[in-house]
Amino acid sequence: MAKQSKSKSSPAQQESSSKLLSLASISSKERAKILDSLTPQQLIDLRWDWRFWARPEQLPPEGDWRSWVIVAGRGFGKTRTGAEFVRDQVKNKSARRIALVGRTAADVRDVMVTGPSGLLAVHPDHERPLYEPSRRRLTWPCGATAHTYTSERSDQLRGPQHDLAWCDELAAWSYPYDTWDQLMFGLRLGNPRCVVTTTPRPIKLLKDLLENPSCAITRGSTFDNKLNLAKAFFDQIIDKYEGTTIGRQEIYADMLTEVPGALWKRSMIDDHRVHQPPATLKRVVVGVDPAVTNKDTSDETGIIVVGLGSDDHFYVLGDGSVKASVDTWARAVVTRYNMHRADKVIAEVNQGGDLVARMINQIDSTVPIKKVHASRGKVLRAEPVAARYEQGRVHHVGALNELEDQLCSYSPMNSKISPDRMDALVYAITELDSKNTIDLKIDSNANYQPRNFF
Ligand SMILES: Nc1ncnc2c1ncn2[C@@H]1O[C@H](COP(=O)(O)OP(=O)(O)O)[C@@H](O)[C@H]1O
Ligand SMILES: [Mg+2]
């Protein structure tokens, strides 16, 4: 399934496949004999020898590439590949000033640095860099350093220069273009290189990279790494995504451009995105599409916050959707209501009846709730909202990736995923868009200031 396009396999890749193949092709008895013949030190060395464990497509391709872009499904081993590449570059003295860039500060810290596939985990004790989170810095025993950056603060990349960059989950970055431009501007020491590890999303930056002849491209799917994935993780991914449109992206790393039959197109969102909401909003509501069961396979609860500007445009402020027990999602609704100083919660009560309102009010009895019954079909409800997007009257504040993927891939003809985020968004915008609400005396949200909870 995995394939390396636009690049020949390198000697390291060939060596890796031959080592693995030779060990895999002999009988278990012979294998045990070989392993028994190794000294304890050789066994330890083997444990940390990435060229031994890596699948060929996880090793750097041959050639004079400046960027190596690995676009693959969830669990393919992308993060591990990025971390191992950084380790290798430091070890062979090709890199001394490194930029590590992830979507959020938490992603960089918890995935790229301290995560199970991250930098600290791939180094043996004596090679492991010292991590100082407060300085956003890692220092290797040889003196090489890496600094961490996030796509939410591209300004941090203004100034520092690097000779190597590792960008994880670039297609999910909050401000991909600003961040990439700043990073590239400072990537100018020595013979600079960049490795990008990401599940695809149809953003222009990634499309441009994949078409750039100076990029080496590796593609692969979740199945390529099945043997190394925990069964529960693998089963969960397959159960959730196999056979769905979005699964083509999440498992097989297909770049989904436009999905036939989908009500939303990427450009309807991308062309009108804003960094900040207006300083004043006439009203803010939290749309909720509740999941009333909490079995493993049950749906997510869609929780989407939308504000109405004085220009009568709609600002999608946040997505607090969760897959959790009733008590937990009810708390998430109240958190979003407070965080965005909302006026009201709009909750669909088809399945849960009064339970939905009761659960939210048990956590905070002062939260006003408007119950809506979804009597019209999903598509009929969603069409007028999609039309508002087409008119350029709906603005996403920052990137709301999961909501946007759902909007652009949901088509009643081919989706088995329940579009909970889309439904919650539709309830919220429909509420703000109705004549009644627009005529209301509206002053409760003057001077809108989101509280910074996180
Ligand atoms: N070649 C490999 N050999 C052994 N384990 C691997 C290999 N490639 C990846 N893994 C492991 O598979 C798991 C998933 O890898 P990860 O890099 O987190 O995936 P992704 O970032 O693509 O979602 C991790 O535990 C990782 O260490
Ligand atoms: Mg990863």
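**View 1. Strand β7 of the predicted model, covered on both faces.** The coordinates belong to a predicted model. Because five of the five residues of β7, which spans residues 164-168, are buried, the strand is largely enclosed by the rest of the structure.

**View 2. The buried side of helix α6.** In helix α6, which comprises residues 105-113, the buried residues are D107, V108, V111, M112 and V113. These residues lie on the same side of α6, because the arc that they cover around the axis is only 155°. The partners against which the buried residues of α6 pack are helix α5 together with the strands β3, β4 (130-132), β5 (137-139), β6 (145-150) and β7.

**View 3. The shell of residues around ligand 1.** Ligand 1 is surrounded by 17 residues, of which G77, K78, T79, R80 and S117 are the closest. Helix α5, residues 78-91, gives the most to this shell, contributing three residues. Sorted by class, the shell around ligand 1 contains six nonpolar, seven polar and four charged residues.

**View 4. Strand β13 and its two faces.** Strand β13, which covers residues 344-348, is mostly covered, as five of its five residues are buried. K344, I346 and E348 point one way from β13, whereas V345 and A347 point the other way, and the residues of both groups are all buried.

**View 5. The parallel partners of β13.** Strand β10, residues 281-289, pairs with β13 in the parallel sense over four bridges, and G287 stands opposite I346 of β13 in the pairing. Strand β14, residues 369-372, likewise pairs with β13 in the parallel sense, over four bridges, where K370 of β14 has I346 standing opposite.

**View 6. A253, a residue with positive phi in a buried setting.** Although A253 is not a glycine, its phi is positive, at about 60°. The residue A253 lies in the loop between helices α10 (245-250) and α11 (266-270). A253 counts as buried because 24 other C-beta atoms are found within 10 Å, where the cut-off for a buried residue is 20 or more.

**View 7. D312, a residue with positive phi in an exposed setting.** D312 has a positive phi of about 60°, and this residue, too, is not a glycine. Its place is in the loop that lies between strands β11 (302-309) and β12 (314-319). D312 counts as exposed because 11 other C-beta atoms lie within 10 Å, where the cut-off for an exposed residue is 12 or fewer.

Key
Residues are numbered from 1 along each chain as its sequence is written. Chains are lettered from A and ligands numbered from 1 in the order in which they are written. This is a predicted model: local features need pLDDT of at least 70, side-chain atom pairs count only at pLDDT 80 or more; totals for chains, interfaces and linings use all residues. A residue is near a molecule or strand if its C-beta atom, placed from the backbone, lies within 6 Å of it. Ala, Val, Leu, Ile, Met, Phe, Trp, Tyr, Cys and Pro count as nonpolar, Asp, Glu, Lys and Arg as charged, and the others, Gly among them, as polar. The arc is that of the directions from the helix axis to the C-beta atoms. Two residues are in contact if their C-beta atoms, placed from the backbone, lie within 7 Å. Two strands pair if DSSP finds at least two bridges between them.
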